[in-house]
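Please look at the sequence and the structure shown here, and then read the short briefing that follows.

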Amino acid sequence: MNAAHTAPSFRQMMGRFTTGVAVILTAAREGPVGATVNSLTSLSLEPPLLLFCAGNSSRTGACVIEQGLFSVNILTAAQQDVSGHFAGKDTNKGEGWDAARCRRHGGWLAIPDSNGALFCEVDSVYPGGDHRIIVGRVRDILAPEAAERPLVYHEGRYSRLA
Ligand SMILES: Cc1cc2nc3c(=O)[nH]c(=O)nc-3n(C[C@H](O)[C@H](O)[C@H](O)COP(=O)(O)O)c2cc1C
């Protein structure tokens, strides 16, 4: 491979593709399990499908596939600490964020005060190099009337809209 296409330069270039930040949350037996992602993409309108990519070693990816249900919580600029919490690797993230802090919605859990939540069933899973592509079918949406300023991720850092 050309030296210009090494992992750091690929990561750096993709970092210029500015995104929002979401937390994927699933209700495992031991409590909420979640991870921060910015690989969220809408895939299809009819039927409503979205996808995110989970590292092959992501505990959340494995739990989502096992449970078959997950929520996507779109974070506001005021929720950078929530993003930081769910970007951690420790296995007891649920202790810092137990079910009592979550909003219950049928069989799903949601992060309160986000810019909205999409409640999904796992539709399909595809291999994608060192990640898995998890496709969810959107079954319900919880949307606050007006969106707050979003949390933004750009060049490997949190950022804000002017
Ligand atoms: C802004 C941001 C975006 C991220 N996006 C992803 C992503 O799309 N996919 C992924 O697997 N990890 C992503 N991560 C890293 C995970 O949040 C991190 O690896 C986390 O520890 C995974 O937790 P788990 O192993 O408990 O699932 C992102 C981290 C940050 C801060």
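By class, the shell around the ligand in this predicted model is made up of eight nonpolar, eight polar and three charged residues, where Ala, Val, Leu, Ile, Met, Phe, Trp, Tyr, Cys and Pro count as nonpolar, Asp, Glu, Lys and Arg as charged, and the others, Gly among them, as polar. Because the model is predicted, local features need pLDDT of at least 70 and side-chain atom pairs count only at pLDDT 80 or more, while totals for chains, interfaces and linings use all residues. Residues are numbered from 1 along each chain as its sequence is written, and side-chain values use heavy atoms, with hydrogens and water left out.

**The ligand and its surroundings**

- Of the 19 residues around the ligand, those that come nearest are Ser39, Cys53, Ser58, Thr60 and Gly88; a residue is near a molecule if one of its heavy atoms lies within 4 Å of it.
- At least two residues of the shell come from each of strand S3 (31–37), strand S5 (49–55) and helix H2 (59–67), where helices (H or I, at least four residues) and strands (E, at least two) are DSSP runs numbered from the N terminus.
- The ligand has oxygen atoms in polar contacts, meaning pairs of N or O atoms within 3.5 Å: a backbone N or O atom of glycine 55 lies 2.8 Å from one oxygen atom of the ligand, and a backbone N or O atom of glycine 88 lies 2.7 Å from an oxygen atom of the ligand.
- In threonine 60 it is an N or O atom of the side chain that lies 2.7 Å from an oxygen atom of the ligand.
- On its own the ligand has 640 Å² of accessible area, of which the protein covers 83%; such areas come from the Shrake-Rupley method with a 1.4 Å probe.

**How the strands pair**

- Strands of a sheet pair through backbone hydrogen bonds, either parallel or antiparallel.
- An open sheet of three strands has the order S1-S11-S12 with antiparallel pairing, where two strands pair if DSSP finds at least two bridges between them.
- Strand S11 (residues 152–154) is joined to S12 by three bridges in the antiparallel sense, and valine 152 stands opposite serine 159 in S12.
- Strand S5 is also antiparallel to strand S10 (residues 131–142), with seven bridges between them, and here alanine 54 stands opposite arginine 132 in S10.
- Strand S9 (residues 117–128) runs antiparallel to S10 and is joined to S10 by 11 bridges, with tyrosine 126 opposite isoleucine 133 in S10.
- S9 and S10 form a hairpin with two residues between them, and glycine 129 in the turn has a positive phi of about 60 degrees.
- Strand S6 (residues 69–74) pairs with strand S2 (residues 22–28) over four antiparallel bridges, and S6 also pairs with S9 in the antiparallel sense, over five bridges.

**Two places in the loops**

- Glutamate 46 and proline 47 are joined by a cis peptide bond with an omega of about 5 degrees, and proline 47 has its place in the loop between strand S4 (41–44) and S5.
- Aspartate 113 has a positive phi of about 65 degrees although it is not a glycine, and its place is in the loop between strand S8 (108–110) and S9.

Definitions and conventions:
Polar contact = N/O pair within 3.5 Å; in protein donor to acceptor, adjacent residues only side chain to side chain.
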